[in-house]
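This report describes the fold of a single protein chain.

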Amino acid sequence: MAEPEVKKVIKLVPEFLLKKRKAYQAIKATQAKIALLEKRKVTKGKPLKFKRLEDFLKDSHRCQRDETRLRRTEHRPAPPLPPAKNKLAFAMRIREIKGVSPKVMKVVQMLRLRKIFSGTFVKINKTSMAMMKMVEPYVAWGFPNLKSVRELILKRGQAKTGKRRVPLTDNTFIEQHMGKYGIICLEDLIHEIYSVGKNFRATNNFLCPFKLSVARHASRDKAGLLKDLGNPGFRDTDINSIIRQLN
């Protein structure tokens, strides 16, 4: 005789137990998500940088040299002003400023040369000449011609609106921000900078510091500095060749 089929009985799980399991799975998923976010937060930060004793000594010596140089400069006569025809200068930082004197760092920030190979226009007067003397070992400066000023502004001219840089390609944008000074187009901007007009300060502050480019194959010395740029300091009209090289 054939054996009778045994019916399988499916045990029913109580509803409260299902709810308990679901809540437990949700808690575990939330905990895993929080743990992942914490892990990302830890790994996202900057790694620890260990500074060697030699670096501290190097920065200390550089700061001490700056203090000695500035102290000696105070006892020397002020540098004479250039001829009246040279009213505009272009300053460009070509040296690292790590570990410099606080006075030098403050002047660098006032000139807006926080990044290496950045440049700004400077109005020549007694105060600016003293500032150039303070940052002379780190900055190359000279008198740009109209061609250099035009090429810099046309190729690398940018203005800052909020937190982003905007290239100066639209005269409407220039008129919107500088129209109250009588500057409505790019040519007016170039003329105001080169002629050092009465609104030079507002116009220069409207422009962001120029970010100049350096070729990857450029030859460097043992300290990692560019050989083609030469020494920092006053370069007179030779600054135009440097602008052509880095623009």
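## A loop residue with positive phi

In which loop is the place of Phe 117? In this predicted model, Phe 117 lies in the loop between helix 3 and strand 2. The residue has a positive phi of about 60°, although it is not a glycine. Its relative accessible area is 13%; because the cut-off for burial is under 20%, Phe 117 counts as buried.

## Overall composition and confidence

The chain contains 9 helices and 7 strands. Of its 247 residues, 34% are buried. Among contacts between residues at least 6 apart in sequence, 72% join residues at least 24 apart.

The mean pLDDT of the chain is 84, and 87% of the residues reach 70 or more. Among the elements, the lowest mean pLDDT (84) belongs to helix 1 (residues 15-44), and the highest (93) to strand 2 (residues 118-123). Where pLDDT is low, the predicted coordinates should not be read in detail.

Five strands form an open sheet in the order 6-2-1-3-7, and their pairing is mixed. Its edges are strand 6 (210-211) and strand 7 (233-236), each of which pairs on one side only. Strands of a sheet pair through backbone hydrogen bonds, either parallel or antiparallel.

Both senses of pairing occur at strand 3. With strand 1, strand 3 runs antiparallel, and 4 bridges join the two; here Arg 93 stands opposite Val 139 in strand 3. With strand 7, strand 3 (residues 139-142) pairs in the parallel sense over 3 bridges. In that pairing, Trp 141 stands opposite Phe 234, and Gly 142 stands opposite Asp 236.

## Burial of strand 3

How are the faces of strand 3 covered, and by which residues is each side represented? Val 139 and Trp 141 lie on one side, Ala 140 and Gly 142 on the other, and all of them are buried, so that both faces of the strand are covered.

The axes of helix 5 (residues 146-156) and helix 9 (residues 239-246) come within 10 Å and cross at roughly 25°. Because angles under 35 degrees count as roughly parallel, helix 5 and helix 9 are roughly parallel to each other. Their crossing is left-handed.

On the side of helix 5, the residues in contact are Lys 147, Ser 148, Glu 151, Leu 152 and Arg 156. These meet Asn 240, Ile 243, Arg 244 and Leu 246 in helix 9.

## Two further buried loop residues

Ser 101 is placed in the loop between strand 1 (88-93) and helix 3 (102-110). With a relative accessibility of 0%, Ser 101 counts as buried. Leaving aside residues up to four places away in sequence, Ser 101 touches Cys 63, Asp 66, Glu 67 and Leu 70.

Val 196 is found in the loop between helix 7 (186-195) and helix 8 (200-206). This residue has a positive phi of about 50° and is not a glycine. Val 196 counts as buried because its relative accessibility is 12%, where the cut-off is under 20%.

Note on methods: Residues numbered from 1 in each chain as written. Predicted model: local features only at pLDDT ≥ 70, side-chain atom pairs only at ≥ 80, totals over all residues. Heavy atoms only, no water. Pairing = 2+ DSSP bridges. pLDDT = per-residue confidence, 0-100. Buried < 20%, exposed > 50% of the residue type's maximum accessible area, 1.4 Å probe, protein only. Contact = heavy atoms within 4.5 Å. Axes fitted to C-alpha atoms, helices over the stretch in contact; angles between N-to-C directions. Parallel < 35°, antiparallel > 145°, perpendicular 65-115°, else oblique. Left-handed = near helix turned anticlockwise from the far one by under 90°.
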